[in-house]
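Subject: Structure handover

Hello,

Here is the structure for your files. My notes on the sheet and the salt bridges follow it.

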Amino acid sequence: ERDVLVNIGNHFDLASSIFVAPRKGIYSFSFHVVKVYNRQTIQVSLMQNGYPVISAFAGDQDVTREAASNGVLLLMEKEDTVHLKLERGNLMGGWKYSTFSGFLVFPL
């Protein structure tokens, strides 16, 4: 199950899991992904306009839970998009243990 806790302006579309920048500016994004009962390596990338900007991975074979996190400041133009992409592996239990946050730091 996916929940949106705060979405002022509705610039994050829950159906597609894509954030669309409402204006040009510097934005902060972070994500925290947990793999559960999964002996595969997972890799998650934060994508800006379809291109990977940052990634994080979890690959320990001997644990039942492992987390991967990353964060970045991005210069975005109006209507640029950001989303998370599972590049490798699968998330057993889905995304319910994971978070994704973003906000405008400074408008330009």
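In this predicted model, three strands form an open sheet in the order 6-3-8, and their pairing is antiparallel. Strand 6 (65–76) and strand 8 (99–107) are at the edges with a single partner strand each, so one side of each has no neighbour in the sheet. On average, neighbouring strands here are turned by 10° against each other, direction ignored. Strand 3 (residues 25–36) and strand 8 run antiparallel and are joined by eight bridges. Within that pairing, Phe-29 has Gly-102 of strand 8 as its bridge partner.

There are three salt bridges in the structure.

- Glu-77 and Lys-24: their side chains meet at 3.8 Å, N to O. The two residues are 53 apart, with Glu-77 in the loop between strand 6 and strand 7 (81–88) and Lys-24 in the loop between strand 2 (18–20) and strand 3. Glu-77 is partly exposed at 38% relative accessible area, and Lys-24 is partly exposed at 35%.

- Glu-66 and Lys-35: this salt bridge has an N to O distance of 4.0 Å. Because Glu-66 lies in strand 6 and Lys-35 in strand 3, the pair ties together parts 31 residues apart in sequence. Lys-35 is buried, with a relative accessible area of 1%.

- Glu-87 and Lys-85: the closest N and O atoms of this salt bridge are 3.8 Å apart. Glu-87 counts as partly exposed at 34% relative accessibility, as does Lys-85 at 37%.

Regards

Key:
Residues numbered from 1 in each chain as written. Predicted model: local features only at pLDDT ≥ 70, side-chain atom pairs only at ≥ 80, totals over all residues. Heavy atoms only, no water. Pairing = 2+ DSSP bridges. Helix = DSSP H or I, 4+ residues; strand = E, 2+ residues; numbered from the N terminus. Axes fitted to C-alpha atoms, helices over the stretch in contact; angles between N-to-C directions. Buried < 20%, exposed > 50% of the residue type's maximum accessible area, 1.4 Å probe, protein only.
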